[in-house]
Amino acid sequence: MVELANVLLEKEGNIAVLTVNRPKALNALNADTLNDIDKAVDMVAADAEVDVLIITGAGKAFVAGADITFMQPLNAMEGRAFGMLGQRVFRKIETLDKPVIAAVNGFALGGGCELAMCCDFRIASDAAKFGQPEVGLGITPGYGGTQRLPRLVGEGMAKELCYTADIIDANEALRIGLVNHVVPADELMDYAKKVAKKIASKGQIAVRFCKKAINEGMQTDIDRGMTFEADLFGLCFATEDQKEGMKAFIDKRKPEFKGK
Ligand code: CAA
């Protein structure tokens, strides 16, 4: 276990769990907390044993947003820099060469909803709450909310959530496609780990190529996306995992992937 001032990083086999750990402030993101998340994600990136990362929060919140006390006195340039710090860290998570699951245990508001959205997908506890309440503070979302929310739930729903600052519960988040599953609070981490283990049991080069292809494809036109997919599909045939995965099918046994 690695313990940074505001973040815990634990490893269970091929699964890493990053817990934002500043429960007194409902895990609100100040610059130090963002920098700790950044460091922990770098550790996960560098650790060849880790196949899947789960991000969650300590206590009753996932993350209740960027730290309002920290932001209140900022000037325009400082505000811009603080937005770009969160954007950079969240983009690092989004483009991490390993799948990332958000296990949303409670409040995921503002920067917390944005943290959940930069993960590959979201599993919510039935106690989770989501929203982009920034306009109630006189600001816009600043860590990618105006960009990722409409891509995930559609423009109309994203605009309504951002303009009204409404907080929605886990079942409404499920209905609009913001989360993939809602599970009882005390089953959240077991469920997230079960999904992570299933992913870790597959060919990891192929899993990572899926992430790259989907991420690229979401930002480009279909023809470029298809070419990118064909390139990665072709490259799979240079891996031992492809030979093993198909041989195991033919031999009617379970594959033993090596991530090579
Ligand atoms: N920043 C700083 N401190 C925060 C915080 C935040 N975003 N959210 C909660 N806290 C602090 C509270 O100030 C309180 O501290 P004290 O005990 O020292 O008073 C502590 O955490 C516990 O919070 P509450 O007493 O408010 O807990 P509650 O259960 O009554 O309410 C809540 C929970 C509804 C989440 C409420 O705390 C809340 O509304 N928080 C702010 C949510 C928000 O507006 N988030 C968006 C921030 S802006 C942003 O994120 C911009 C961006 O996109 C980058």
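I began with Ile139, which is partly exposed, with a relative accessible area of 35%; buried means under 20%, exposed over 50% and partly exposed in between (1.4 Å probe, protein chains only). Ile139 lies in the loop between β9 (129-131) and α5 (145-153); helices (H or I, at least four residues) and strands (E, at least two) are DSSP runs, numbered from the N terminus.

I noted that this is a predicted model, in which local features need pLDDT of at least 70 and side-chain atom pairs count only at pLDDT 80 or more, while totals for chains, interfaces and linings use all residues. Residues are numbered from 1 along each chain as its sequence is written, and side-chain values use heavy atoms, with hydrogens and water left out.

I next looked up strand β6 (residues 100-104), where 5 of its 5 residues are buried. Val100, Ala102 and Val104 point one way from β6, and Ile101 and Ala103 point the other way.

I then checked the pairing of β6; two strands pair if DSSP finds at least two bridges between them. Strand β4 (residues 52-57) runs parallel to β6 and is joined to it by 3 bridges, with Leu53 having Val100 as its bridge partner. Strand β8 (residues 121-125) also pairs with β6 in the parallel sense, over 4 bridges, and Ile123 in β8 is the bridge partner of Ala103.

Lastly I examined helix α1 (residues 31-46). Its 16 residues should span 22 Å at 1.5 Å a residue, and its end C-alpha atoms are 23 Å apart, which agrees; the expected span is 1.5 Å times one less than the number of residues. The buried residues of α1 include Leu34, Ile37 and Val41.
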